[in-house]
Amino acid sequence: MLNLLPTTLRFLLGSLLWLDLSQPPAVLPARTPLSFQLRHEHAITNDSRVIFSDVIPSFSSDSYVVSTSNIQTHRPQSAKAFHSARLRSIRHDQSERVLWDQTNVLGPNVDERETLLTLAKMTSNAYTSPTASDWYTSDGWNESTPFGWEPDADGLRGHIFVSDDNSTVVLSIKGTSAGWITGGGGPTVRKDKLNDNLLFSCCCARVGPTWSTVCDCHQGSSRCDQECLERSLIGESLYYSVGVNLYHNVTYLYPNANIWVIGHSLGGSLASLIGVTFGAPVVAFEAPSEKLAATRLHLPSPPSTHHVIHVFHTADPIPMGTCTGITSSCGIAGYAMETRCHLGKVIRYDTVTHLKWSVDVRTHSIVQIIDKLLNEDWTQEGQEGRTVPEAKEDEDCVDCFNWEFGSFHSKS
């Protein structure tokens, strides 16, 4: 019912429906495995309404078993406090104290390779449908059409997996459908590209003088109007706003469940932004760096974002922030993927040093991660006994250091 209402009203109702975060779902013993099945597909219409489709049981019989661990997270005490602080920052560039509740929730055990492999398969399936040949079951491929196969479909989409006991929901968000990377494509390419260039470029995808920018904030040379940039990210049809509404809809469907958010590429970055907003555990694969976008969106900063885990390898230039410049693979395809700083912690596979992989944008595909990286335990000197690299924070990271941001728009 909520998805029939205007976005502003849905946002208000979503605030009223915000879970009582002072009483989070009961935490099961650590490492308790959870078994998930696909329950719903989610998408948005061309006028940005969230829609759901229940999955026929015969198509969702396969189960995905995930090991768990207790995760500390910080959640706003109320939606009112969070939105008030964000609006004050947007309108007056002033900070406002947001009261955060520190709580322990059951999240995925990201220290285990099998956990990451299963979540990666669930993430990959956001690009396809349960009946397609490239659908991953828990054991491998199903025996391609990107998800959103309807000719007029466009925008954010993915799947919702629910544990057998309804205690935990996994919200999976599709990344960029870009044929130049994955060999696919599909109807969501146009909006995917717009959101990529808004969220991950330094200034409206102004890479060179011949580029058509996605907003009017460039003020000559390497100057960019900060207020203009921030306004460009708050449109109702842009993916962060849609993602917030999607999360509210999921809490409406499963009011007592603990929610995890996963995604690949653009979907992983959106999962992180949603996870920081609501304090939900996140696992993001090969995601472009979203820390600058969180700042431009004026998201209040919790005391810690360690509940957000990024997983990527060093041969992928997109999460590494090196797919930049007019002559780069991203630039040639019209993408300005210029940011390099991530929220939360990063599980970084150094495939260039240890596996001798060449830096290549084609390694960005989630299929590469599943078939060539997560199928075997990771072995590295100094990390004996681990099956995956240790999660660490990005340190000494600066985005867009060669740009000057300020109030230039009114002076031009």
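Visitor: In this predicted model, how is the crossing of α7 and α8 described, left-handed or right-handed?
Guide: α7 passes α8 in a right-handed crossing. The term applies because the near helix is turned clockwise from the far one by less than a right angle.

Visitor: Why is α7 called oblique to α8?
Guide: The axes of α7 (residues 239–253) and α8 (residues 266–278) cross at roughly 60 degrees and come within 10 Å. That angle makes α7 oblique to α8. Angles under 35 degrees would count as roughly parallel, and 65 to 115 as roughly perpendicular.

Visitor: Which residues of α7 and α8 meet?
Guide: From α7 there are Y239, Y240, G243, V244, Y247 and H248. They meet L266, L270, L273, I274, T277 and F278 in α8. Contact here means heavy atoms within 4.5 Å.

Visitor: What makes up the contact of α7 with α8 by class?
Guide: Its residues divide into nine nonpolar, three polar and no charged.

Visitor: What is known of the second largest pocket, in volume and lining?
Guide: Its volume is about 420 Å³, and 24 residues line it. L299, P300, S301, P302 and L343 lie nearest its centre. By class, the lining has nine nonpolar, 11 polar and four charged residues.

Visitor: Which element gives the most to that lining?
Guide: α9 does, with three residues. The elements that give two or more residues are α2 (79–92) and α9 (291–296).

Visitor: How do you know that V398 touches R340?
Guide: V398 has heavy atoms within 4.5 Å of R340, so the pair counts as a contact. V398 also touches C341. V398 and R340 are 58 residues apart in sequence, and their C-alpha atoms are 7.5 Å apart.

Visitor: Where is V398 placed?
Guide: V398 is in the loop between α13 (366–373) and β15 (404–406).

Technical notes:
Residues numbered from 1 in each chain as written. Predicted model: local features only at pLDDT ≥ 70, side-chain atom pairs only at ≥ 80, totals over all residues. Heavy atoms only, no water. Axes fitted to C-alpha atoms, helices over the stretch in contact; angles between N-to-C directions. Helix = DSSP H or I, 4+ residues; strand = E, 2+ residues; numbered from the N terminus. Parallel < 35°, antiparallel > 145°, perpendicular 65-115°, else oblique. Nonpolar A, V, L, I, M, F, W, Y, C, P; charged D, E, K, R; others polar. 1 Å grid on protein atoms, 1.4 Å probe; cavity = no way out; pocket = protein on both sides within 12 Å on 5 of 7 lines; lining within 4 Å. Points joined across faces, edges and corners; volume = space filled by probe spheres on them. Lists of a residue's contacts leave out its neighbours within four places in sequence.
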